[in-house]
Protein chains: 2
Amino acid sequence: MSTQATADLLAEVQALIHEREREGVLGLAELIGPAEWADLVPQLEPNEVAVLIQWLPDEEIGEILEELPPTSAAQILRTLSANEAGQLLGEMDPDDAADVVDALPEEAVAEILVRMKPEDAEEIRQLSGYDPDTAGGIMTPEYVAVSKDATSAQAITAIRRLVDEAETVNYVYVVDEERHLLGVLSLYRLLLSGASTPVVQLMAPSTLRVKASTDQETAARILTDRNLLAIPVVDDDDHLIGIITEDDVADVIEAEATEDIERLGGSQPLNLPYRIASVPLLVRKRVGWLLLLFLAEAYTGTVLRNFQDELSAVVDLAFFIPLLIGTGGNLGSQTVTLVVRAMALGEVAMKDIAWVVWKEIRVGVVMGLAMAAVAFGRALILNVRPGVPEVVALTILAICIWAALIAGALPIVLRRLGVDPAVVSSPLIATLVDGTGLVIYFEIAKLVLKL
Amino acid sequence: MSTQATADLLAEVQALIHEREREGVLGLAELIGPAEWADLVPQLEPNEVAVLIQWLPDEEIGEILEELPPTSAAQILRTLSANEAGQLLGEMDPDDAADVVDALPEEAVAEILVRMKPEDAEEIRQLSGYDPDTAGGIMTPEYVAVSKDATSAQAITAIRRLVDEAETVNYVYVVDEERHLLGVLSLYRLLLSGASTPVVQLMAPSTLRVKASTDQETAARILTDRNLLAIPVVDDDDHLIGIITEDDVADVIEAEATEDIERLGGSQPLNLPYRIASVPLLVRKRVGWLLLLFLAEAYTGTVLRNFQDELSAVVDLAFFIPLLIGTGGNLGSQTVTLVVRAMALGEVAMKDIAWVVWKEIRVGVVMGLAMAAVAFGRALILNVRPGVPEVVALTILAICIWAALIAGALPIVLRRLGVDPAVVSSPLIATLVDGTGLVIYFEIAKLVLKL
């Protein structure tokens, strides 16, 4: 590492420690953990990373690589020899290692895996077969299982032997000869039981389990809803193949929330920390939606053109265009974020559509009345042509109800069609309300002003 | 419970089981857990809840109450006798019970607490003193601690005794006579050690810890970043007063993400599930922002009025108003959600402002050029007055850069001022860009069309 880079790194580390102290976090000796390193690594040049890797023990580098996005970790591994890369992969949790392997080109994978311990390589190879967004993709094969014929004492011996390898020893799983999952017992029950008690007497049978193909979010939600520390993952024939632990869950919840937020803002999900995302990547993820919305918005020009005569007759009407469509977009934006979030948290499902829409329409009416009163006053102050304040007030009430209606219903309808409801972003609702709002505006104007 | 309500409840339960089966979740016997009940309870009438409570064992009701928002749990407790309420509170985790107590009127609290076991009541009383958003508010006092003079065997005895009460026995904390936190040792290390080994030899000293006043999000982030199962909480004099466990963390991460999403959509945080939020509550949380944005948007009328002459001279200019300000709002919306989320995840801090703004401006330039090309074509198709297509294209480039600039900088500046950056919602950015975008538009029009 260059002297400058080292100095910068130390300065960052110190700033971090000061910030943490201010936040009330004590215990400085441990403050720079893998996640902090992972935050700093992307700021280093490749050759600096190479030096850093010689500087830290293998085990710690493994932990840092676990915290990095798989593509970044793969880039770092590619700067190393196949031997070194294999050693580091072996230090990582197999589920994280598998994600990194998925991000490496195939010829590099083959070269690295042959240099690893055969059992480690086999684990990684199996895990890399699962979609990273499923239970199979986030599970780890490092659990403790005992035969159904074992006693309590034998189970404790198994735990002692596996304590360093297993990701959690809070639960011990009981399986038959063919590794079918029979039940689970907690370490606590084991500690409390007599040495010769058979495990089948201690275990809870018909244990909750998920299939490897289950969506990771579903698996995560079950774990948190039930306050479990781990959940077993089985294949289609109910063979135990791995477990998902609580520390995977927080990451899943955070990643899914990030994805929803990005979609709601009108981007495709970055799937990468913003910090690392390059300008071309940001453009790629955003320009598609922006163009689509532009094309959708372009019809507002046609709408205005069709009402050209009304607009020329009463130019005052033009003053309120941004205000009216803006308010519709704002109200729609509020509705859509609340409904999409409620769906993500499992509070609202397809069957609730009538209930949601009815709730949002009532909200739209109340808010529309309040806004109409203010808009009426604002139009009077602007001293516009008689009749225009009434038109503006009526329009804003109608637009509020209309925006609440489509923003409440659209996410639920899209979910029904198999589309992520979060694609109904604030910009999309604003765009939809813009043109339709203009039509409402000019139709009311024609009616009231007798144009 | 009325027959109808029971039938409805059973139908819901069955629908849930079918949905879970489809998602690949097996183990039906356990499928209806506390969180599922908590989802159903708000749909029942108070008298139905009273019947449900007689129907389920106390322990399960305690778990259901833990999953409900504290205000809803408090409402249910108020329908019961002080004796019953005390019994249920005693079954709950003390940290959740304290949140419920905070939501009860003071006279009810006094009446319930005197009917509880004195040590349970004392725990709840202490915990209810902490702000629910801090480490003190989410910690539990149910941990295992041993004296620094204890041996490994004594520590294991302590764990066996506390196994049912403590929230986690993965870690055992070592304290001195005055309960100062000296270190931590894992259950795994205990299991591997000889019976007479002193705990001080096994423990990791200078353990990471947080103060009770630390923000809950900071504490949660440390737990996930370090993959810890629990973190100790100390008071200002470093006395151990509780621990935060992993299952609290997932809830914190989810709640903070929900709050950010609601703010980004232009509402105040509901602090309640959408499912339970009433229409008046929804209006209250949303109407303030909507009115504020309305007032901010109202100046667009003044802007248009000031450019009335230009508008009358070239009516064609009016056709592009929604398109131009809409695109600025959309691009700003993308930027603001990405930046706010990056700040929430700790990727971007105050010192990064120049870097973020420079990145977003480059994105704005690239996207602005693409949009300008399309806008130019669109204006040609509309067959407008010569010069107008050039004005539209130039304006869209300028607005894209302008929107990227303020949407990138504003959240960071606000954080600096101590304001939650998520208040820079998509609607706020759209509103800010609307009026300023119009000024840019007409100034460019005056220049190019020589008006």
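Predicted model: local features only at pLDDT ≥ 70, side-chain atom pairs only at ≥ 80, totals over all residues.
**Stop 1: the interface.** Select both chains and show the residues of each that touch the other. On one side are 104 residues of chain B, in contact with 105 residues of chain A. Next, select residues 321-344 of chain B. This is helix α19 of chain B, which supplies 16 residues, the largest share of the side that touches chain A.

**Stop 2: the axis.** How many degrees of rotation superpose chain B on chain A? The rotation is 180 degrees, with 0.0 Å of shift along its axis and an RMSD of 0.0 Å. That is the relation of a two-fold axis. To find where the axis passes, select Ala250(B). Among the residues of chain B, Ala250(B) comes closest to the rotation axis, with its C-alpha at 2.6 Å.

**Stop 3: the domains of chain A.** The domain assignment gives residues 3-129 as domain 1, 145-246 as domain 2 and 279-449 as domain 3. Between the C-alpha centres of domain 2 of chain A and domain 3 of chain A the distance is 52 Å.

**Stop 4: a sheet in chain A.** Select strands β2 to β5 of chain A. These 4 strands form an open sheet with mixed pairing, in the order β2-β3-β4-β5. Which strands stand at the edges? They are β2 (145-147) and β5 (204-205) of chain A; each has a single partner strand, so one side of each is left without a neighbour in the sheet. Strands of a sheet pair through backbone hydrogen bonds, either parallel or antiparallel. Now keep β3(A) and β4(A), which pair in the antiparallel sense over 5 bridges. Show Tyr171(A) and look across to β4(A), where its bridge partner is Ser186(A).

**Stop 5: two loops in chain A.** Most residues other than glycine have a negative phi, and most peptide bonds are trans. Two places to look at with that in mind follow.

- Select Arg179(A), in the loop between β3 (171-175) and β4 (181-186) of chain A. Arg179(A) is not a glycine, yet has a positive phi of about 65 degrees.
- Select Asp238(A), in the loop between β7 (230-234) and β8 (240-245) of chain A. Asp238(A) also is not a glycine and has a positive phi of about 65 degrees. With 15 C-beta neighbours inside 10 Å, Asp238(A) counts as partly exposed.

**Stop 6: strands in chain B.** Bring chain B back and select residues 171-175 and 181-186. These are strands β3 and β4 of chain B, which run antiparallel and are joined by 5 bridges. Val172(B) stands opposite Leu185(B), a residue of β4(B). In the hairpin of β3(B) and β4(B), 5 residues lie between the strands, and Arg179(B) takes a positive phi near 65 degrees.

Methods. Residues numbered from 1 in each chain as written. Chains lettered and ligands numbered in written order. Domains from an automatic or database assignment. Pairing = 2+ DSSP bridges. Buried ≥ 20, exposed ≤ 12 C-beta atoms within 10 Å, placed from the backbone. Contact = placed C-beta atoms within 7 Å. Least-squares fit on C-alpha atoms with pLDDT ≥ 70 in both.
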